[in-house]
Amino acid sequence: MADTLIEALALLLHLDPQVLVIVWLSFRVGIAAVTLATLIGLPLGAFVAVARFPGRDALTVFLNAMMGLPSVVVGVIVYLLLSRSGPLGSFGLLFSPPAMILAQTILVVPLMAALTRQIVEDAWRDYAQEFRSMRYSLADNVGTLLYDCRFSLVVALLAGMGRSMSEVGAVMIVGGNIEGFTRTMTTAIALETAKGDLPLSIALGIVLIAVVLALNTAAFGLRRWAMRRYG
Amino acid sequence: MANLVRRLILTLPLLLLGAVAYAEESIVLASTTSTDQSGLFGFMLPKFEAKTGIKVKVVALGTGQALDTGRRGDADVLLVHDRPAEDKFVAEGFGVERRDVMYNDFIVVGPKADPARLKQTKDVVEGFKRLAAGTAPFVSRGDKSGTNAAELRFWKDAGIDPKGWSGYKEAGSGMGPTLNMSAAMGAYTLADRGTWLSFKNRQDLEIVLEGDKRLFNPYGVMLVNPAKHPHVKSAAGMKFIEWITSPEGQAVIADYKINGEQLFFPGAKP
Amino acid sequence: MFPIRLADVSFMPDGRNVLSGVNLEIADEGITTVLGPNGSGKTVLLRLVAGLLAPHAGSVHWNGGTVPAAGIAMVFQQPILLRTSVLHNAALGLKPLGLPRRERQRRALGVLERVGLAHRAEDSARRLSGGERQRLALARAWLMQPRLLLLDEPTAALDPTATEAVEQIIRSIRTDGARILMTTHNLGQAMRISDDIVFLAGGCVRERTPANRFFSRPQSPEARLFIQGELPWRISFDD
């Protein structure tokens with residue numbers, strides 16, 4: 001056990017190029033997916049929090065439920081969509097990073113939307129009367145609330161990032177775990193462990209934990225700073 | 001400032017997606033996890049790439065899944081080891097230009113103490129009969145792979161329905177995890193020699209039965225039929241098939257060794 | 001928008017009688033103060049006038065129309081401040097107008113100067129003191145150039161200095177041409193600022209009198225008791 005750990009640390013300290021390629025891909029896919037999910041999920045969540053329309057409660061329940069969507073299920077669905085025999089096959093996106101980004105975006109959007117809805121709804125409770133008296137339109141409400149809740153929303157964004165980088169089921173299925181091309185930290189860990197090659201698995205695991213810790217530290221620090229600055 | 005930030009946020013996904021567009025030529029090779037995990041591709045493909053400039057992207061699945069990927073047109077070339085299934089694939093019109101590439105053999109591995117006494121026979125069917133008569137467990141891959149298909153043929157030849165035997169454990173996973181499980185449980189399993197040689201977590205396992213002609217495991221390569229899937233990169237795919245069956249490619253296969261032991265034997269007909 | 005008429009208005013959430021049978025007309029003149037003890041329904045009355053609440057019985061009309069008029073600004077008892085600068089908060093009322101940012105900031109700075117907060121423009125709004133917050137809320141409302149300004153207990157939590165500053169601003173807004181309807185339970189304030197008084201107690205309008213007469217000769221017994229500082233919680237009168 002100790003030797004494995006030492007080998008793992010050696011890989012990290014020497015900045016083994018294999019490890020770097022894998023880590024870089026994980027970040028690229030994660031950041032792209034979270035960016036897209038934010039652009040879709042934040043306005044969606046804010047809209048559901050503020051607007052009144054028939055079926056609003058059903059949509060809220062749906063978004064909350066979709067947060068727990070199993071990643072392999074999303075993986076299979078996207079796989080069938082992107083396969084050459086599938087409806088979107090002509091784009092030839094299967095087994096490539098864009099396919100992984102698509103699958104992860106689908107996974108993260110409900111998370112971002114549901115968190116946003118919760119955060120914005122809490123603020124809306126305080127602000128609703130005042131905004132109504134100023135005759136704000138729906139767009140005015142959504143825009144102002146999103147901006148005012150920006151720090152809490154960044155925390156939601158970091159949560160989305162954590163979910164994206166820890167995910168393995170969907171990216172394995174739609175990416176194919178191709179070496180140097182669609183192999184992320186999580187799929188590499190799965191593969192190397194299956195092969196019984198543990199040092200690389202552990203090295204990547206260390207990086208993954210470090211990333212998750214860093215994200216959470218950033219979230220914590222941001223909230224602290226925002227509290228002090230803006231109250 | 002806010003405008004700049006906004007613009008950056010909107011272009012970021014495009015940058016990240018675009019950075020991914022590769023200018024070089026490439027093909028998708030669907031193969032089996034055992035072949036991939038043996039390290040053969042890592043050894044062989046850089047040489048092909050250097051010679052032709054074509055990048056080979058390997059998607060490693062079980063044989064059944066690899067063929068299915070070819071059926072859907074999601075791969076350009078297939079390299080698998082299940083002759084009956086390959087022939088069926090070609091007969092159904094999904095594959096063309098099927099050629100023999102190489103072979104290795106299967107082995108039965110089990111606990112050093114060998115409670116089922118497989119070490120004493122060189123007959124694989126006899127070995128399977130002894131397994132069913134004993135209590136030591138057997139782990140099956142259970143994943144429609146070439147290895148799994150061979151294993152099921154042996155049970156059939158032995159006249160045994162493995163699902164009726166209490167020691168039969170179906171893992172539903174690749175060779176590596178199956179070996180992991182066998183090592184942990186002190187169970188027997190059927191493995192391909194390639195994966196076994198590169199498997200690092202052996203614990204108490206060792207080879208208990210080998211050499212039977214029926215353990216012969218041939219590999220075939222073929223192109224996904226461009227008539228069924230016009231987008232298939234047939235030119236580049238054929239270059240790969242030609243190369244791997246050429247004397248040069250065959251020599252590379254023979255050269256691949258782990259700890260001085262050769263894993264695969266050239267099998268292409270000249 | 002004017003006159004604003006409340007006709008037989010009752011407001012009874014969950015069966016509680018917050019307002020009953022209120023008749024009130026608000027014409028376009030001066031500063032009217034709604035005076036009364038806590039729980040008399042003053043805040044609800046303001047919200048009805050603003051069109052933020054609908055009555056359970058009776059009706060509210062703005063110049064004969066049933067749609068709440070534009071041009072009404074309201075300052076709530078606890079004004080909402082966003083997690084942004086004082087300047088940004090002051091300009092919140094301008095958002096629906098779609099003006100360019102520079103113009104919004106210019107106007108906001110102008111009104112902040114008039115309330116004496118220009119030097120705090122870049123500070124975080126939530127760090128302001130109680131009196132400064134109230135001035136900011138007034139600035140925000142003023143910037144909307146309302147024809148009717150509703151103020152709910154604008155100085156309830158302020159010390160005398162801050163109260164004085166706020167009252168000064170209210171007078172300036174009046175001079176600018178806005179009609180003002182405000183609530184308070186502070187007799188002195190009502191005396192200083194108002195043109196006329198609406199006295200509300202127990203959910204009913206007990207009297208409406210010009211300010212200069214109200215304090216010397218209140219007409220209703222409840223008002224008399226209130227001015228003497230002796231109004232009991234339960235209101236039941238036989239006369």
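Helices (H or I, at least four residues) and strands (E, at least two) are DSSP runs, numbered from the N terminus. The structure described here is a predicted model, in which local features need pLDDT of at least 70 and side-chain atom pairs count only at pLDDT 80 or more, while totals for chains, interfaces and linings use all residues. Residues are numbered from 1 along each chain as its sequence is written, and chains are lettered from A and ligands numbered from 1 in the order in which they are written.

In chain A, helix 2 (residues 17-50) packs against helix 7 (residues 150-166) at an angle of about 135°, and their axes are 9 Å apart. Axes are lines fitted to C-alpha atoms, for helices over the stretch in contact, and angles run from 0 to 180 degrees between N-to-C directions. The angle makes helix 2 of chain A oblique to helix 7 of chain A; angles under 35 degrees count as roughly parallel, over 145 as roughly antiparallel, 65 to 115 as roughly perpendicular and the rest as oblique. Helix 2 of chain A contributes A:Ser26, A:Gly30, A:Ala33, A:Val34, A:Ala37, A:Thr38 and A:Leu42, which meet A:Leu153, A:Leu157, A:Gly160, A:Met161, A:Ser164 and A:Met165 of helix 7 of chain A. Residues are in contact if their C-beta atoms, placed from the backbone, lie within 7 Å. The residues of this contact between helix 2 and helix 7 of chain A comprise 8 nonpolar, 5 polar and no charged. In this division Ala, Val, Leu, Ile, Met, Phe, Trp, Tyr, Cys and Pro count as nonpolar, Asp, Glu, Lys and Arg as charged, and the others, Gly among them, as polar.

In the contact of chain C with chain A, 15 residues of chain C touch 16 residues of chain A. The side of chain C that touches chain A has 9 nonpolar, 2 polar and 4 charged residues. No contact joins chain B and chain C, and their closest C-alpha atoms lie 12 Å apart.

Chain B is assigned domain 1 (24-104 + 218-266) and domain 2 (105-215); domain bounds come from an automatic or database domain assignment. The centres of these two domains of chain B, taken over C-alpha atoms, are separated by 26 Å. Their contact takes 21 residues from domain 1 of chain B and 16 residues from domain 2 of chain B. On the domain 1 side, helix 2 (33-37) and helix 4 (63-72) of chain B are the elements that give two or more residues. Helix 2 of chain B gives the most to that side, with 4 residues. By class, the domain 1 side has 6 nonpolar, 13 polar and 2 charged residues. Elsewhere in chain B, B:Asn259 has phi near 50°, a positive value in a residue other than glycine. B:Asn259 lies in the loop between strand 10 (257-258) and strand 11 (261-262) of chain B.

Chain C is assigned domain 1 (1-32 + 51-69), domain 2 (70-160) and domain 3 (191-239). The peptide bond from C:Phe2 to C:Pro3 is cis, with omega near 0°, and C:Pro3 is found in the segment before strand 1 of chain C.

One open sheet of chain C has 3 strands in the order 2-1-4, with antiparallel pairing; two strands pair if DSSP finds at least two bridges between them. Its edge strands are strand 2 (19-26) and strand 4 (57-62) of chain C, each pairing on one side only. Strand 1 (residues 4-11) of chain C pairs with strand 2 of chain C over 5 bridges, and C:Val9 has C:Val22 in strand 2 as its bridge partner. Helix 1 (residues 42-50) of chain C packs on this sheet and touches strand 1, strand 2 and strand 4 of chain C.

Another open sheet of chain C has 6 strands in the order 5-6-7-3-8-9, with mixed pairing. Strand 5 (72-75) and strand 9 (204-210) of chain C stand at the edges with a single partner strand each, so one side of each is left without a neighbour in the sheet. Strand 8 (residues 196-201) of chain C runs antiparallel to strand 9 of chain C, joined by 6 bridges.

Definitions and conventions:
Two residues are in contact if their C-beta atoms, placed from the backbone, lie within 7 Å.
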